[in-house]
Amino acid sequence: MRTLRSMTLAAATDNPSIITGDAGRRARPVYLDCNATTPVDPRVQAEVLTYLAEEFGNAGSRTHSYGQAAKDRVNRARRQVAAVIDARPEEIVFTSGATESDNLAILGLTDHGARTGRQHVISTQIEHKAVLEPLEEMARRGFEITLLPPTAGGWIEPGAIRQALRPDTLLVSVMATNNETGVIQPIPEIADALAGSEAYFHVDAAQAFGKQVESLRHRRIDLMSISGHKIYAPKGIGALVTRRRGYQRPPLRPLLFGGGQERSLRPGTLPVALIAGFGTAAELALREHAKWARSCAAVQAAALTALKPLGIILNGDPDRLAAHTLNFSVPGVDSEAAIVALKDIAAISNGSACTSQTYEPSHVLISAGLPSQQVAGALRLSWSHLTPSVDWRQIADRLQRLADASPGAKLAPQRPQARKG
């Protein structure tokens, strides 16, 4: 462990992941970066446009029907989002996305921690920067932050959480699914490990909300960050789930002030159109997530079949992978070279979109103890049920040519142990 002291509106199509230009222009590469953002579902798009162009009222306007229609739609969206994780509608606080929700969940507890003398926080080395950087800010304010390493398979041992707990632990924050590796974390088991502790449990569920349902319904989860643009809604909308313990809400203080919206935790005029789209996306996810998972699993199986002859090394426990993600290294192939070689046929990445401008090795893979060459070659491919047919054979052939041309030594396969926790 480590311790830190004008707008163009496109018509809805049956397959929004296929985007083409003007007549005669070449089709764009297949989009395989859905962990960065998903395409907007046509049904969601239609709902957003309705509340942009027709029902454009302010949900805070109480004196006329336009405002009432907007308020009614916001309240319905609150119910739609809450239903996915079995929460009360009044426990949903709309935000601009998971990053803001993470900040509100973490930094919003600092006053309570300072007042009660509980100034210890437990998190992990594989969290998104939207969690790690607020934790760094807490450290600057005098809090002690314990960051637990993952197993070689990229997941956190519930027992490690239990051992790190102290009487002064204020917060435990663990992501539900890692955005880089696609490794699903044992959230229910971690929640069970917190039995008897007063620490608040925060889950960054940006990659899991609407895809994994039952595991996020655990009543021990006090705070949960979710994002619309990971479940086929627009960017710029998300929520923080603030579950009550009995009759007590988590003792959060707002980060912004003025207006009193969202129970005074997140002021500002509500983006009704985005909230409406988010609500629709949540309802669709609750109804269709099993079907989506089957579709994604079929894509993953096809990808593995095509890529296996390359001797790929999976960067994550294969028994814990989400169906919509693969993170792997090809022996002898650098990730930047692979991205360039594939750019005309597939849009892929080598890590988090939020840190891709820094060109730094993945902190997630480094924390799992993977060899530096393996980390440097890591590729992340992610898709959805909206992804059109992928020519995996062509992708594999391009990667094979890169590997054949590489002067570097081949990586020795290192399969992570599939331990259960």
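Reader: What should I know before reading any values?

Author: This is a predicted model, in which local features need pLDDT of at least 70 and side-chain atom pairs count only at pLDDT 80 or more, while totals for chains, interfaces and linings use all residues. Residues are numbered from 1 along each chain as its sequence is written, and side-chain values use heavy atoms, with hydrogens and water left out.

Reader: How many residues has the largest nonpolar core?

Author: The largest nonpolar core has 57 residues. Such a core is a set of buried Ala, Val, Leu, Ile, Met, Phe, Trp, Tyr and Cys residues joined through side-chain atoms within 4.5 Å; buried means under 20% relative accessible area, exposed over 50% and partly exposed in between, with a 1.4 Å probe and protein chains only. Those with the most contacts inside this core include F94, F209, I226 and F278.

Reader: Which helix gives the most to this core?

Author: That is helix α8 (residues 272–307), with 10 residues. Helices here are DSSP runs of H or I with at least four residues, numbered from the N terminus.

Reader: And what is F278 in contact with?

Author: Leaving aside neighbours within four places in sequence, F278 is in contact with residues including V81, F94, F209 and I226. Contact means heavy atoms within 4.5 Å.

Reader: Changing topic, is S367 buried or exposed?

Author: S367 counts as buried because its relative accessibility is 14%. S367 is found in helix α10 (residues 363–367) and touches Q125, I126, P149 and P150, not counting residues up to four places away in sequence. S367 and P150 are 217 residues apart in sequence and 6.7 Å apart in space, C-alpha to C-alpha.

Reader: How many residues of helix α3 are buried?

Author: Nine of the 10 residues of helix α3 (residues 98–107) are buried. Among them are E100, D102 and L104.

Reader: Lastly, what lines the largest cavity?

Author: The lining residues include A152, T181, N315, V364 and L370. A cavity is a set of points on a 1 Å grid over the protein atoms alone where a 1.4 Å probe fits but cannot get out, and lining residues have an atom within 4 Å of a point.

Reader: What classes are in that lining?

Author: The lining has five nonpolar, five polar and no charged residues. Asp, Glu, Lys and Arg count as charged, Ala, Val, Leu, Ile, Met, Phe, Trp, Tyr, Cys and Pro as nonpolar, and the others, Gly among them, as polar.

Note on methods. On a 1 Å grid over the protein atoms alone, a cavity is a set of points where a 1.4 Å probe fits but cannot get out, and a pocket is an open set with protein on both sides within 12 Å along at least five of seven lines; lining residues have an atom within 4 Å of a point. Helices (H or I, at least four residues) and strands (E, at least two) are DSSP runs, numbered from the N terminus.
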